[in-house]
Protein chains: 2
Amino acid sequence: MKKIMNHPEAFADETIEGVLLAHPNHLKRAAGTLRGLVRKDAPVAGKVAIATGGGSGHLPVFLGYVGPGLLDGVSIGNVFSSPSVEAMVAVSKAIHAGKGVLYLYGNYGGDVMNFDMAAEMCEAEGIEVKSMRVRDDVVSAAKPSAETRRAVAGLFFAYKIAGAKAATRADLSAVVTTAQRVVENTCSMGVALSPCTIPAVGKPTFTLGEDEMELGMGIHGEAGIERGKLRTADEIAQVMSQRVLDDLPFRSGDEVAVLVNGLGATPPEELYLLFRKAHAVIEKHGVRIQRVFIGEFATSMEMAGASITLLKLDKELLSLLDAPAYSPFLPQLRGSR
Amino acid sequence: MKKIMNHPEAFADETIEGVLLAHPNHLKRAAGTLRGLVRKDAPVAGKVAIATGGGSGHLPVFLGYVGPGLLDGVSIGNVFSSPSVEAMVAVSKAIHAGKGVLYLYGNYGGDVMNFDMAAEMCEAEGIEVKSMRVRDDVVSAAKPSAETRRAVAGLFFAYKIAGAKAATRADLSAVVTTAQRVVENTCSMGVALSPCTIPAVGKPTFTLGEDEMELGMGIHGEAGIERGKLRTADEIAQVMSQRVLDDLPFRSGDEVAVLVNGLGATPPEELYLLFRKAHAVIEKHGVRIQRVFIGEFATSMEMAGASITLLKLDKELLSLLDAPAYSPFLPQLRGSR
């Protein structure tokens, strides 16, 4: 295992220390926990607060999405592990401004259990909480069971748009409604070329042959749909784009935002090669690309691989996607066009 | 070799195609070459034009630094290879607005030779050209031979600040003077944990044992100063920060901008671990950190590793560093504080 780190057990805590030293005017700790960060200006008066959370090892997911026009707070677990209920409650209290809290996070078992318990505890203290789970990975379950799908890079669109909606001072039910429209219109598929190593485990999460790739693999190494010989960029982009297009399904005339996400070790050059072909497949399908995001928006440590995400836009979603926002962790908060 | 690509020979050209499809309102081709990109609004009236160039495989270096408040154009070589003189001349003509052109690029032999020839050809056609080479890698040559040092991530500061200076409509000699002050006050040192593979070569640029790292290695795998066992994040940050501090040397009371740059496969979490310790070393030295940049600003394909760069600030350099700029390739154009 080759990692730049100190003690594996200290990995998450020391990362948080580094983040606070680097961005002291952007983030602060939530009172009562070492594993919760909130906007420096939290709580923001008159605004629905949005919290997320999840394991470390996915930067900019999760803590990189806290900021103006984005989320209000984040609870942080160890690498690929759920945050504690206590951290979630502490973050909720630190960001709540009297307008309720939305828990917006990825659909993973441990996170669901802990966020549900935190919601109960907050409700008992008079804080209204709603929950919305992102589940954009189309190959993780069949369409009729879409509610059980896991989250991948589609988290970006949910965070960006729900954050912008909350910034308009919309009420909790309106923020939930908009977030739900994002979740229901976001589809992703990924490919992995190499594993990553969890610091405390010390060995790769899985193995792949020197000439192999796995289509559809999840961001923690969850099994995909096909393991086989490494294919060309065009072939990979063709398969992923088509599968995503067919899932929603996206129809001729639809307008979309496209996200080509790198999982960690894949160079930007290769992401642009994927986009080059995805662009052709999407346009041929009659779908119009309105915004493009390419870079590392959700990673798995040093895993090599990528994903393609499409969000079907409507007028409000596009306007919220374009709204101002800031985080030092994000390469493209403004979609290109 | 595991790369998401089509034909190795097409890697650079297809990357450029993907970039133009993704960011059609940001960049366009320079007339007369497939290997030159310029700002969509080039030439910008009344402004000194700045061109850079170099091999592919280092995104966001080089083409990611073209944009408002940054550079005007870039010539693009194959992976880790110099661009052609023809591309450089075509870019120069496409960006020249009658106020002269600055060639601002990394100090590498092939690039120097080609840019010098391009400058001669432009001068023959009446375009005034000045050249400035970035050479921030402190271990690549001893201090008395600083002029021969190679460039690493310090390119970021040179591009950002020279671009901002040119945007003020300063004349060519003033832009050169400011760029020179950046070059003379920027020091970097890197560490490599794994090699990368050039598509057309098909095998890693070097080998490192499973438990080894190389301090001071260049971004193309140039030899460093010490190969040895992988050390902790704190030890690595201590060695790199101290070496950089001692080189200029930076003195107590100096104000600096800090850049912790990832080479490709190193997760953001590990960069924040490095910053955590670098922060302590720098502050202990009495140097005051005014701005922080952490992320991938200059990469080597999928190489694992990082570098630490310090820029000694003065009032003008800080103001230019903070000036507005835009590129879809850059994680943090606004330094954190």
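What rotation and what shift along its axis superpose chain B on chain A? The rotation is 180 degrees and the shift is 0.0 Å, with an RMSD of 0.0 Å. That is the relation of a two-fold axis. The superposition is by least squares on the C-alpha atoms of residues with pLDDT of at least 70 in both copies.

This is a predicted model: local features need pLDDT of at least 70, side-chain atom pairs count only at pLDDT 80 or more, and totals for chains, interfaces and linings use all residues. Residues are numbered from 1 along each chain as its sequence is written, while chains are lettered from A and ligands numbered from 1 in the order in which they are written.

Take the interface next. The contact takes 51 residues from chain B and 51 residues from chain A. Contact requires C-beta atoms, placed from the backbone, within 7 Å. On the side of chain B that touches chain A, α7(B) gives the most, with nine residues. Helices here are DSSP runs of H or I with at least four residues, strands are E runs of at least two, and both are numbered from the N terminus. This side of chain B divides into 25 nonpolar, 16 polar and ten charged residues. Ala, Val, Leu, Ile, Met, Phe, Trp, Tyr, Cys and Pro count as nonpolar; Asp, Glu, Lys and Arg as charged; the others, Gly among them, as polar. Of the interface residues of chain B, 100% are also interface residues in chain A, so the copies meet through the same surface.

Now move to strand β10 of chain B, residues 255-262. Seven of its eight residues are buried, so the strand is largely enclosed by the rest of the structure. Buried means 20 or more other C-beta atoms within 10 Å of the residue's own; exposed means 12 or fewer; partly exposed lies in between. β10(B) pairs with β11(B) in the parallel sense over seven bridges. Pairing needs at least two DSSP bridges. B:A257 has B:R291 as its bridge partner in β11(B). β10(B) and β12(B) run antiparallel and are joined by seven bridges. There, B:V258 is partnered by B:L310.

One residue of chain B draws on both chains. B:L274 touches A:I4, and its other contacts include B:V260 and B:I308, not counting residues up to four places away in sequence.

How values were computed. Contact = placed C-beta atoms within 7 Å.
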